[in-house]
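Here's a quick briefing to read with the model open in your viewer.

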Amino acid sequence: MFSSWPLLLSFVFVQMAVAQIRYSIPEEMATGSVVGNVIRDLGLDLKRLRSGRARIFTEDGSEYVGLNVEKGTLVVAKKIDREELCQQLSPCSLHFQIILENPMELHRIDVEITDINDNVPIFSEREYNFQVSESALPGARYSLESARDPDVAQNAVQTYKLSPSDHFKLNTVSRSDGTKYIEMVLHTSLDREKQEEHKLTLTAFDGGNPQKSGSVKIKVEVLDANDNAPVFSQSVYRVVVPENALKGTAIVKVSATDKDKGANGEMTFSFSHHTDGAALLFNMNPHTGEITVSGVLDYEKTKQHEINIEVSDKGGLTDTSKVQIEVTDENDNAPVINIISLSNPIPEDSALNTVIAMINIKDLDSGKNGHVRCFISPHLPFKIKTSSTNFYSLISDDVLDRETVPAYNITITAMDEGSPSFSTNKTVRLIISDVNDNAPVFSQNSLSAFIPENNSPGTSVLSVKAQDADYGNNARVSYFLEDANINGMPASAYFSVNAESGEVVAVRSFDYEQTKEFHICVKAQDGGSPPLSSNVTVKIQIQDQNDNPPQVLYPVQTAGSVVAEMVPRSADVGYLVTKVVAVDVDSGQNAWLSYKLQKATDRALFEVGSQNGEIRTVRQVTEKDLLKQRLTVIVEDNGQPSRSATVIVNVAVADSFPEVLSEFTDFPHDKDYNDNLTFYLVLALAVVSFLFITCLVVIISVKIYRWRQERMFSKCTGNLPVIPYYPPLYADAGVTGTLKQALSYDVYGTTDSRMSDVKSSRPFSQNTLTADHSGTRTVPKQRTDSEILLSEQKPPNNDWRFTQGQRPGPSGATGGPEVAMGTGPWPQPPTEAEQLQALMAAANEVSEATATLGPGTMGLSTRYSPQFTLQHVPDYRQNVYIPGSTATLTSNPQQQQQQATAQQAAQQALPPPQASAQSEPPKAVQTPASKKKSTKKEKK
């Protein structure tokens, strides 16, 4: 998992507030490699990591190490190069924090990056050239550039080897900071005459496993003798410079001496090859040895610089020294504020000391310049609390109320202690979320409204309005009518409330005389959870309208008797005759009554008090005054518009009661009553006349129609014999006068066909007539239509008798013996009065039948069933009902025998049927009774 490098856990320590863990891993680990198990080392669990939304925070924003929340391990996020990250700094560590929320926790993690031998020693030059005087004494030193190996510790450069080593050998020198450099020391004197040039190889070896090395060529040129080398005045130069020093500022001037003279005594100063990057920040004058600032110094990046300097003469003799430059800190960095975590918005019911945000403040300066103080405005309900070094918490310090302040602009200020000090501001807008902590509030505790009586249902009474200081659904107000009983009924039976607008609407019409006011309770409820509500009492007063006329209590008006007030003839002026007493159930001005005299037999005799209704005499009663006095008094209220009532007061001017009684027996009735009676009598007469004329027109129309039908039939069947008509004889079939049972037939016959269809139905009752279509049959035509009808009639009774008063005809008409025996001619025709009476009865029947017509009955009375059709009309030639009598008459057997003999004679006289004839079948001759019944049937 770690390539070939094991994972080393250095140490773990846990404090009360902050836990710190240190891991150690080698560089160049593959991405995704496990660094450590934080849930095991911190004593957490995976559920806590997920619920706390664990994440890594680094001050410099680097992302070398990531957090696997699913497994609770730290993993390598990207490949780590220790040399790039820390250069020569050792140990090299990554510092970051793991932050958990709910509740907030901070854990510091340090990961040490150990070095591996992944770099070889290298020299900056491919070849070095030296000039050595032949006069150089053994022991002369020549500085060589050390090999650079980015690795550290054991993996850095450890040893050097110089070959060949006949004249020179290597000398390793250690600096005070632990670094090393090498010198080439002359071991034996050089002889230019023997060898002018020496070529050497310098090899550098590191201490890694496997060991790596690098080499460089050294060319030594032997010069002529220059036996004195320059010497610095100090082996080490120390200087202090502020980090804000400007470019060109001189920081130090070095000096050296050379005992030689002339050209061999001229010296040149320069930075040696061991200065590394110092030459970018500083500059050295080669003639004077003055060192000046040439770049930007930054204490926060490098606190100390060490520069190797060299002086050389013309003869090639050199000396080396070093300059140690210490950079002092200046307050040149402002604090940096980072909001690590922010809970926004927060509910207004948050408890005190609720953590709202976690803040990290970093100042790159050191010492006093890096000490930071964090604060906010003291007028806010929040405060800053220090949680650990450079970490602060923003917590609530007072009760929050969204209705008072819905949002806060919190300015966080970080100020260091430098001189002059630097400060940084960062503003956070914190929204306060609403909590349903306010109930709807009405502007008044009780409301009043007025509505006139006799209002229309749905009339708006008033609108209630409640305000809710909350926000959103918590401020959405709905209105309801509280359940309460009013006069034994729920309040919703009288009023309703619109849930959205709060409009109170009357459900029914009100009567002031029944109920004068209502007290209802309207509830306003918001949409919060749980909902809050408040009530308001609404008093609704009914306003009286002038909808009741005055009612006269005295004198009492009766239709059948006359009540009179007596006034003696000796009555003086102002005599109180009577007092009209009236009341009005309305109230207020609508109930104020006034009285005035409308009519009077003698206006000069009486007057009415306009306020009290008292009837008094205006003058002295005399003998000339009429006995019977009639006064009409109007009682009028004061409403708009006004209503009134009229009362008639009968006054008798007499001294004794018998005198009044004799005179008032013929007192005329009320003229209004007589006028109404006359109107209704005239109206009734007009209605009866209209019905009579209508009936008369219908009868005449039917007569004309049947007459035209008979003429058409006589033209078509002129060769048919005439069948004589014999009036039937009747017998009393019952005492009820109703048709108990009858049979109806529907006959279809032709004059030229030998087959006829006869449809018979079953008997029907007097209330319901139904058709039985199963009775249809086809029979051979052997007899005429009249024979068929006569042969299928109901068998007659053996005998019938009725008195002279029961017979049709004029009252008191008498007949001969043959009439009494039932064999005489038809009774005498009725008188004109009886004909008029019969016509009136027919008109009544027509009006009754017309009044009972309904859809689907084909103009028939509703007492017949919908299946009833014209073929179901009973044959009145069998049973005849005589108006005014309770007898039902049937034909006499003797009369039936006579009819059968006549029918046989007619059967023999008929010619044979012809196939080509298509004329209408002849109609049977009708009796007066059958004609009357058929006429009624056609009317229906």
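Buried, in what follows, means under 20% relative accessible area, while exposed means over 50% and partly exposed is in between (1.4 Å probe, protein chains only). By that cut-off, strand β27 (residues 355-362) is mostly covered, with 6 of its 8 residues buried. Strands (E, at least two residues) and helices (H or I, at least four) are DSSP runs numbered from the N terminus.

Keep in mind that this is a predicted model: local features need pLDDT of at least 70, side-chain atom pairs count only at pLDDT 80 or more, and totals for chains, interfaces and linings use all residues. Residues are numbered from 1 along each chain as its sequence is written, and side-chain values use heavy atoms, with hydrogens and water left out.

**The whole chain**

- The protein chain has 57 strands and 10 helices.
- Of its 940 residues, 39% are buried.
- Taking contacts (heavy atoms within 4.5 Å) with a separation of 6 or more, 67% are between residues 24 or more positions apart.
- The accessible surface (Shrake-Rupley method, 1.4 Å probe; for residues, only the protein chains shown count as cover) comes to about 52400 Å², and carbon and sulfur atoms hold 52% of it.

- Strands of a sheet pair through backbone hydrogen bonds, either parallel or antiparallel. Here, two strands pair if DSSP finds at least two bridges between them.
- β27 runs antiparallel to strand β25 (residues 336-342), and 6 bridges join them. Within that pairing, M358 in β27 stands opposite S341.
- β27 also pairs with β30, again in the antiparallel sense, over 5 bridges. Here A357 stands opposite L394 in β30.
- β30 has an antiparallel pairing with β29 as well, over 6 bridges, and S393 in β30 is the bridge partner of K385.
- β29 and β30 form a hairpin with 2 residues between them.

**A three-stranded sheet**

- What is the order of the open sheet of 3 strands? It is β35-β41-β40, with antiparallel pairing.
- β35 and β40 (495-497) are the edge strands, each pairing on one side only.
- On average, neighbouring strands of this sheet are turned by 20° against each other, direction ignored. For such angles, axes are lines fitted to C-alpha atoms (for helices over the stretch in contact), and angles run from 0 to 180 degrees between N-to-C directions.
- β35 and strand β41 (residues 503-506) are joined by 3 bridges, and S463 stands opposite E503 in β41.

**Aromatic rings**

- A pair of aromatic rings is described by the distance of the centres and the angle of the planes. Rings of Phe, Tyr and Trp (its six-membered ring) pair if their centres lie within 6.5 Å; planes under 30 degrees apart count as stacked, over 60 as edge-to-face and the rest as tilted.
- That rule gives 11 aromatic pairs.
- F57 and F391 make an edge-to-face pair, because their planes sit at 80° with the ring centres 6.1 Å apart. F57 lies in strand β4 (residues 55-57) and F391 in strand β30 (residues 391-396), so the pair ties together parts that are 334 residues apart in sequence. F57 and F391 are both buried.
- F679 and Y680 are another edge-to-face pair, at 5.5 Å centre to centre and 65° between the planes. Are these two residues buried or exposed? Both F679 and Y680 are exposed.
- Y494, F495, F510 and F518 form one aromatic cluster.

**Charges over rings**

- A charge sits over a ring if NZ of Lys or CZ of Arg is within 6 Å of the ring centre and within 35 degrees of the ring normal.
- R508 lies over the face of Y494, 5.0 Å from the ring centre.
- K516 has its charged end over the ring of Y512, at 5.0 Å from the centre.

- Most residues other than glycine have a negative phi, and most peptide bonds are trans.
- The S419 to P420 peptide bond is cis, with omega near -5°, and P420 lies in the loop between β31 (407-416) and β32 (423-433).
- S529 and P530 are also joined by a cis peptide bond, with omega about 0°. P530 lies in the loop between β42 (517-526) and β43 (533-543).
- N390, not a glycine, has a positive phi of about 65°. N390 sits in the turn of the β29 and β30 hairpin and counts as partly exposed at 30% relative accessibility.
- N454 has a positive phi of about 65° too, and is not a glycine. N454 is found in the loop between β34 (446-452) and β35 (460-463), and its 43% relative accessibility makes it partly exposed.
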